[in-house]
Amino acid sequence: MHTRQTNDILKDYFYDKCSHEEEIEIQKWLTENDNSLVDQSFREIISEIQMENHELSQKAFEKFQKATQPQQVRTPRPGLQRSIRWMQRVAAVLFIPLLFLAGYLLLDKKANTHWNDITVPHGMHQTLTLSDGTTLHVNSGTRVIYPSDFTENKREIFVSGELFADVAKDPDKPFIISAGDVHVQVLGTKFNLRAYENIETVEVALVEGSVLFKTPTHPNEILKKGEMIQYNRTSQKIVRDTFLANLYKCPAKNEGFYFSNLPLNDIVKELEYYFDTRIIILDQKLGDSTYIAYFTNGETLDEILSNLNTDGQMSITRSQGVILITSAAP
């Protein structure tokens with residue numbers, strides 16, 4: 001394709017204006033061409049697109065969700081660090097929207113800023129210490145994109161999954177975690193964020209300090225210590241609750257599970273990541289049922305599911321390494 005034609009289609013791709021034929025054409029071009037040529041095309045178009053276009057970011061995130069849901073989590077090599085500008089040829093189509101969401105425009109202007117991109121495999125955990133002293137306890141199946149150094153007037157990272165953040169205090173540089181349409185902003189605090197891309201409920205539980213929780217429909221939700229907020233991405237409704245902050249346990253720190261009024265669909269997704277075991281709910285009514293449950297004594301997956309089934313409404317079986325959940329026979 002000619003450069004001008006390529007750039008026009010790339011811009012339309014980000015703005016979700018491509019025809020099906022154009023999407024196929026640009027995806028084929030991305031996967032077949034050299035990384036340097038791909039990067040050059042991005043450099044030429046990003047100067048024409050404004051970073052503050054939140055509608056564009058949201059569309060990019062939604063496209064990224066659809067593209068990545070069927071994919072398995074990648075296992076990072078130890079010490080993996082790469083510039084977010086450097087796209088692997090085999091993953092080019094999946095990376096495009098996330099690159100944009102992660103601030104590609106800004107990064108391109110800061111040649112010395114390198115971004116790390118890690119994904120924690122199912123059944124594992126990882127602790128990250130950022131350049132400002134912030135500690136992230138990252139749960140299974142979670143992807144985090146963060147800079148080697150915070151060089152701007154804010155400290156921003158990008159997350160899909162769950163982590164517990166112990167944010168270093170810096171009154172001059174707010175710390176922002178972006179998870180698609182959800183943003184959590186703090187100066188220095190401790191909180192748990194659950195925002196997996198294929199789980200409907202986004203949850204923030206504040207253990208210390210205060211945070212600002214922002215969504216397109218709720219731009220100014222302030223939480224205080226011991227408060228929890230849950231945001232449903234489908235209905236765009238939020239629910240507030242309270243908890244005992246000093247007793248809070250989270251899987252990202254391998255302490256246990258704290259499920260507060262969550263549907264079984266969301267609970268089993270997190271259990272899948274944590275225990276690296278496929279769980280399928282065959283009855284949608286069961287999947288929509290909500291539970292309040294805490295597990296802090298090192299319970300096994302079977303023990304957790306058994307406790308969730310104290311009313312005997314579920315039939316839980318294993319078949320070829322997969323757990324099947326359906327309604328119990330009357």
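Leaving aside neighbours within four places in sequence, V204 is in contact (heavy atoms within 4.5 Å) with V184, F191, N192, L193, V211, F213, L223, E227, M228 and I229. This is a predicted model, in which local features need pLDDT of at least 70 and side-chain atom pairs count only at pLDDT 80 or more, while totals for chains, interfaces and linings use all residues. Residues are numbered from 1 along each chain as its sequence is written, and side-chain values use heavy atoms, with hydrogens and water left out.

**Nonpolar cores**

- V204 is also listed, with L136, V144, I157, I177, F191 and F213, among the residues with the most contacts inside the largest nonpolar core, which has 31 residues; such a core is a set of buried Ala, Val, Leu, Ile, Met, Phe, Trp, Tyr and Cys residues joined through side-chain atoms within 4.5 Å.
- Strand β5 (residues 155-166) gives the most to this core, namely four residues, where strands (E, at least two residues) are DSSP runs numbered from the N terminus.
- A second, separate core has 21 residues, including L262, L286, M314 and I323.

- M228 is found in strand β12 (residues 227-232) and is buried, with a relative accessible area of 1%, buried meaning under 20% relative accessible area (1.4 Å probe, protein chains only).
- Beyond four places in sequence, the contacts of M228 are E203, V204, A205, L223, V239, R240, D241, F243, Y258 and S260.
- M228 and V239 lie eleven residues apart along the chain, and their C-alpha atoms are separated by 8.3 Å, whereas the bridge partner of V239 is Q230.
- Strands β12 and β13 (residues 238-242) run antiparallel and are joined by five bridges, pairing being assigned if DSSP finds at least two bridges between two strands.
- The hairpin of these strands has five residues between them, and Q236 takes a positive phi near 65°.

**S178 in strand β6**

- S178 has its place in strand β6 (residues 175-179) and is buried, with a relative accessible area of 3%.
- The side chain of S178 makes a polar contact with the side chain of E156 at 2.8 Å; a polar contact is a pair of N or O atoms within 3.5 Å, of which, within protein, one must be able to donate a hydrogen and the other to accept it, and residues adjacent in sequence count only if both atoms are side-chain atoms.
- Not counting residues up to four places away in sequence, S178 touches E156, I157, F158, V159 and H183.

**Confidence**

- The protein chain averages a pLDDT (the predictor's confidence in each residue, from 0 to 100) of 76, and 66% of the residues score at least 70.
- Over residues 60-111 pLDDT stays under 50, and the model has 113 contacts beyond four places in sequence for them.

Conventions. Buried means under 20% relative accessible area, exposed over 50%, partly exposed in between (1.4 Å probe, protein chains only).
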